[in-house]
Amino acid sequence: MENYDKKYDIWWTENEPESFYGLREGYHEGALELIGVVEKTESLKTKDTLIFPILFLHTHSLEIALKECLKKLGTKKKKGIHNLTKLCEELIQNLEKFYKDRGLVEQIENKKQLELFFERIKKYANGSIAGRYLFDLEGNEIYTEILGEKSYYSDLKKEIKEDYDFIDSILLFIEDNI
């Protein structure tokens, strides 16, 4: 008899809405799981080196969620766009049109909240391609500015959860108003 507890199943990758969800959720959960590893370890090496995979997983989850929002808004897919700044700007433009087309004038007031959120997540991009590299395109360090010399994983965990919940609320709002 097969042991299903040891297997993984990626059937959901065949369905685009589910694949967006599965990917963004997987990267998000991966970041939180790695923070859990860091919180339990005494190893300074682990604490110092896992920050980069954590940030990559987080930013990639955000990238997928932004692309999912754009797709739900009917935006044509553009190949090779991995820049969070460009994706955020495109989403703001498309959301404004979405609000106006549906007479959701009260939502335009929420633009400030969106812009503040996007400013926060754009810091991860800072010239990089979705947080994949230590340096921006001009050779400047990225993460030192974002994280400072020393930061707390508990603060990062809270911020990652807030980012994910906020972008998830945008997705749900779009779905409810399509």
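**View 1. Cys69 sits buried, with a relative accessible area of 0%.** Buried here means under 20% relative accessible area, exposed means over 50%, and partly exposed is in between (1.4 Å probe, protein chains only). Cys88 has 1% relative accessibility, so Cys88 counts as buried too. This is a predicted model, where local features need pLDDT of at least 70, side-chain atom pairs count only at pLDDT 80 or more, and totals for chains, interfaces and linings use all residues. Residues are numbered from 1 along each chain as its sequence is written, and side-chain values use heavy atoms, leaving out hydrogens and water.

**View 2. Looking for disulfides turns up zero.** The rule asks for a pair of cysteine sulfur atoms within 2.5 Å. Cys69 is in no disulfide, and its nearest cysteine sulfur, on Cys88, is 9.8 Å away.

**View 3. Helix H3 (residues 51-72) packs against helix H8 (residues 153-177).** Helices are DSSP runs (H or I, at least four residues), numbered from the N terminus. The angle is about 10° and the axes are 9 Å apart, with axes being lines fitted to C-alpha atoms over the stretch in contact and angles running from 0 to 180 degrees between N-to-C directions. The two helices are therefore roughly parallel, a label for angles under 35 degrees. Contact means heavy atoms within 4.5 Å; among the residues making it are Leu62 and Cys69 of H3 and Tyr164 and Ile167 of H8.

**View 4. Lys161 lies in helix H8.** Lys161 counts as partly exposed, at 37% relative accessibility. Not counting residues up to four places away in sequence, Lys161 touches His28 and Leu32. Leu32 is 129 residues from Lys161 along the chain, yet their C-alpha atoms are separated by 8.5 Å.

Note on methods: Angles under 35 degrees count as roughly parallel, over 145 as roughly antiparallel, 65 to 115 as roughly perpendicular and the rest as oblique.
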